[in-house]
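Here is a protein chain to look through together. Have the model open as you read, and find each part as it comes up.

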Amino acid sequence: MQTGEAMSPQDSKAAGAEATEEQKAQNQSQNQGSPEPTAPPLPPPSPPPAGPPEYPRPKLIFHTQLAHGSPTGRIHGFTNVKELYAKIAEVFNISPSEILFCTLNSHKVDMQKLLGGQIGLEDFIFAHVRGETKEVEVTKTEDALGLTITDNGAGYAFIKRIKEGSTIDRLKTVCVGDHIEAINDQSIVGCRHYEVAKMLKEQPRGVPFTLRLVGPKKAFDMIGMRTRAPKSNEGKMVNGKETLRLRSKGSATVQEVQNEFEERATKKVDDLLESYMGIRDLELATTIVEAGKDKKNPDDFAEALDSVLGDFAFPDVFLFDVWGAIGDVKNGRI
């Protein structure tokens, strides 16, 4: 191409391409021996933030003895009363059916320390086993015999209280803690306390009937004692801030001890159970309070109670009195 001649568009493109290729070659020769810089490698992903270390809940171990005397055993891994009795029986190589009931922190037949549905995590368990069997003839002279019945949660109903001056009080061989094994030779083993109370209430006045009783085995320092549970100060005996709650259905749970409202309401409901049904049962009273404490009206309370305790068929007048008692405690009137 001569100087001064015009350049065609095609020539311009070709020259531009040549210049570009020449530039690339020059750049390539300049960069030989020094490779192109690359991006630094990404750091490895950081592990998720560590939370507080998880520790398994410690195994709950309880100490136990036979109430009339024995070495100390250790039990764990039970979720209800029947399993508790089985664990105790295994430790002492006896049958679970030998155990009448258990008390907490006392080897005496003390109904204020009766094991119900809750055990303090530091409580010491004393198992009262079968002792003497006896039969007594009873004739009702009034509608009530003067007995309060409870049960051990494993099929044995027994006497929790004897009313002073009552028909039963005059029978000096009958004691608090005696298991009622039969009425008129009809075994009642496996019956709940409210069923036994109903049977006794239905016995006609003036007609003798027979009770077969099994007393707890006594240590030498207890022989000859005829204990009675006082009417006042009867309540749940627990130590520490937490208790193991044993349930008739479902697993045992560790929970806080009752607050003041729950404790007072439970005591009041237990009194009403004795008044209406002739039974004492703190576990039952606790369940009733739990069913009613958050309810807004008696109908909701009755429905909730029926869903968990329908077998009891509580009379309406009892339900209204319980509802009123819970409300009185909640509002500070009791």
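## How confident is the model?

This is a predicted model, so start with the confidence scores. Across the protein chain the mean pLDDT comes out at 79, and 72% of the residues reach 70 or more.

One is residues 1–22, which has three contacts in the model beyond near neighbours in sequence. The other is residues 229–240; counted in that way, beyond near neighbours in sequence, this stretch has 35 contacts.

Now find helix α6, residues 298–309, and helix α7, residues 316–330. Two packed helices are described by the angle between their axes and the distance between those axes. For α6 and α7 the angle is about 115° and the axes are 10 Å apart. The pair therefore counts as roughly perpendicular, and the crossing is right-handed.

Who does the touching? On the α6 side the contact is made by Pro-298, Phe-301, Ala-302 and Leu-305. On the α7 side you'll find Leu-319, Phe-320, Val-322, Trp-323 and Ile-326. Sort the residues of this contact by type and you get nine nonpolar, no polar and no charged.

## A residue in a loop

Next, look for Asp-143, in the loop between β5 (124–138) and β6 (147–151). Is Asp-143 buried or exposed? Its relative accessibility is 55%, so Asp-143 counts as exposed.

Along the chain, Asp-143 and Leu-200 are 57 residues apart. In the model, 9.7 Å separates their C-alpha atoms.

Key:
Residues numbered from 1 in each chain as written. Predicted model: local features only at pLDDT ≥ 70, side-chain atom pairs only at ≥ 80, totals over all residues. Heavy atoms only, no water. Axes fitted to C-alpha atoms, helices over the stretch in contact; angles between N-to-C directions. Helix = DSSP H or I, 4+ residues; strand = E, 2+ residues; numbered from the N terminus. Parallel < 35°, antiparallel > 145°, perpendicular 65-115°, else oblique. Left-handed = near helix turned anticlockwise from the far one by under 90°. Contact = heavy atoms within 4.5 Å. Nonpolar A, V, L, I, M, F, W, Y, C, P; charged D, E, K, R; others polar. pLDDT = per-residue confidence, 0-100. Buried < 20%, exposed > 50% of the residue type's maximum accessible area, 1.4 Å probe, protein only.
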